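Good morning. Please have the sequence and the model open before I start. I will keep this short.

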Amino acid sequence: MKNAILALAVAMVFVAYADAQVPLPTGIQILKAEDARRYDTVLENLIRSPNAAIRERAALAAGRIGDERAIPALSALLEKDPSNSVRAMAAFAIGEVESIKGADAILAAINMETKGPWNMAVLARLVEAGGKIAAANPKEEKFKLLGKRVVDILKGQAISPSPSDSTVVRLGLTALLRAKPDGADAVVAKFLVETDARLRADAGNTLTRLRVKNANDQLRKLLASDLDAGARANAARALGAAEDMDAFDLLIKAATSDADSRVRVSAIRALGSLKDAKAATPLIENGRMLLAAMTADKRSRNPSQKSELLEIATVLGRLLPNTENSAAVTFMNELRFNDSFRSSETEIALATVAPKAYVAARTFDMLGYVDWRVSSSYAQGLAVVAASKDDTVRADAIEKLTTYIYGMAKGVKPANRAQMTKAMPDLTQALAAFKPDNLDEVLRGQLTNDDVIIRTTAAGVLADRPKTNENLAALRTAFSHAFVIDKHDNDAELAILDALYKLDKKEAVGSLLIALNSPDYLVRKKAFELLDDKDLQKDFPGISTSLESARAKHKDQVLPYTPAFNTKLGQILNTDADYRRALSRKNGSIRAILNTDKGSFTIEFTPEEAPLTVDNFIKLARSGYFNGLEVHRVVPNFVMQDGDPRGDGNGGPGWSIRCEVNMLPYDRGAVGMALSGKDTGGSQWFVTHSPQPHLDGGYTVFGHVNEKDMKVVDSIVRGDRILSVKIIGR
């Protein structure tokens, strides 16, 4: 009897243990399915596992994969599962799939939750999913019903005698900014008086995106006296979006004297939205003080004041177009000089304020052929002048531009060619803005360039040009060429397919059928999407057969790496050992210390939420990949972004990783993967300066920077370097 009791006790312990976690072999199975973007009976069976932890993890995988065939299994979990954490994950996953086929399950579950004792964790994810599905399907009949239910739930939270549930409200506010349903403005405004500062800030963020004008009184109070910087910053943003002229003086004060740079930047931008030229004088005066501090800062080659100064310059362009305002011109010229003419914001603003002076001031001899950033910024400035109504100014500008471009052949020294190539996309965009008679000929020539981003840009511009046989032929030839030679980047292939489809669907069919056989999942995925055109299939009945054949060969999934293709793009690169290593890490067990021009900060990784993303970053870091890279993007009060070896925002490691979207929020200090579409991550990553709820559930969060270290992140500006990255842990 004692032995029986002991055996029962051991069995109960084992069951409890098994129920608490996903066994390693099962975890590997799930990671493999995610990595392959494969939803099949293996994953479906795991969704029905007796182990709640496995059901929850398998549900998340189904959402990440995004196959709408998973909706019935996920809906069953949502309706009947005894575990609320599993039900919450099922709701999250249905939202990730974004198919209108999931709407009924979400609506039914909302009705069930609101009739009985509410489980707030489940309700929060139902609200989130409703917003995602509604936003992705605005033409569907259930779009309005989903939005209405979210509004009703937030109304209930607003009038509840007990404190609001912060997660339900937070995700509900984000759902409303996505779906934009009727009645959203009134209910959102109620949360501006919440005791939770994060909810006040999120309400301001949602009102900004809804461009609401019925909450200005309370928003002005927040801007004037709220103790939380996030709430003040989003109040400023919302007042700008509402074009509230009564907030003018408050915004001036915030823009020039608030203690927090996030508030100052938001107020500066809001003043640009008001378009009252009286704001220019105090902004210029404040800009001069910042410029003096920037000039006096001898410790940094790239002073932290630069980001705020560029915001001021941008707004001056909006406030003073074509005025030739001497104070603004003088200020921006001083800023350009101190910044070595490397920032497009100043060039664009100066060209907007004083186009005639801008064109007359620079020659290609002064510009030189050494620093691609200077050339790129100047090109963007000249592109503004293309819209001028002064024919003489336009003629002078196009002459300057074409002289400079044609002079590159002789002016660029061999040592600078690789770098100067990076300026060509912006030079091409500027040329396109002037629409010269030979533009198509120039673009067709660029489709043969060795640089993949030059070809990408040329294809993108040709997509907006008139359809001609010459352009179509050049695009088809360029795709065939890229299909063979592009082993490190797929940008040109994807852009060319889009251009062909936009210009002439029928003429694109041949290239799209070729693309179905690409070794790169992302190129095949593009082909599947564009060929799934019912009108096109009527004209070409064979398309359906080709798609069925490709799916039978699993080409709608990510396939294992094949060395013979001589490329790592869009293939499964991980082995069982990689999956095992990634799954062995726990949150907090590994971190990265990044040494930068502005000091050091630490990323605490969250491998339990994004194991393969963390593993990819660690591999790159340990290889020295990030060492010495310039921070190529800083948007104040939004993100700092790095990880691009090109430095122009277009570079990557030569492979892509799958998204591992999770429930972690994009709060201040969240570390995420930069994307140009789903599953396009590689090496570019970012840190958020402030909460960015619109990114939740769309980009992978894989780490976090603590508040102390965020002071370093806040000080980083574009052009600062990541000197080294040291990984602590295994």
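Predicted model: local features only at pLDDT ≥ 70, side-chain atom pairs only at ≥ 80, totals over all residues.

Take the largest cavity to begin with. Its volume is about 80 Å³. The lining of the largest cavity includes Phe483, Asp486, Lys487 and Glu493. Ser518, Pro519 and Asp520 also line the largest cavity, and so do Thr567 and Leu569. Sorted by type, the lining of the largest cavity has 4 charged residues, 3 nonpolar and 2 polar.

Now the second largest cavity. Its volume is about 40 Å³. Phe92, Arg125, Glu128, Arg170 and Leu171 are among the residues that line the second largest cavity. Others in that lining include Asn662, Met663, Leu664 and Pro665, along with Asp696 and Gly697. Which elements give two or more residues to this lining? They are α8 (120–136) and α10 (166–179). By type, the lining of the second largest cavity divides into 5 nonpolar, 4 charged and 2 polar residues.

Last, the loop residue. Where does Asp504 lie? Asp504 is in the loop between α30, residues 491–503, and α31, residues 505–515. Is Asp504 buried or exposed? Asp504 counts as buried, because its relative accessibility is 16% and the cut-off for buried is under 20%. If we set aside neighbours within four places in sequence, Asp504 is in contact with Lys467 and Leu472.

That is the end of my part.

Conventions:
Residues numbered from 1 in each chain as written. Heavy atoms only, no water. Helix = DSSP H or I, 4+ residues; strand = E, 2+ residues; numbered from the N terminus. Buried < 20%, exposed > 50% of the residue type's maximum accessible area, 1.4 Å probe, protein only. Contact = heavy atoms within 4.5 Å. 1 Å grid on protein atoms, 1.4 Å probe; cavity = no way out; pocket = protein on both sides within 12 Å on 5 of 7 lines; lining within 4 Å. Points joined across faces, edges and corners; volume = space filled by probe spheres on them. Nonpolar A, V, L, I, M, F, W, Y, C, P; charged D, E, K, R; others polar.
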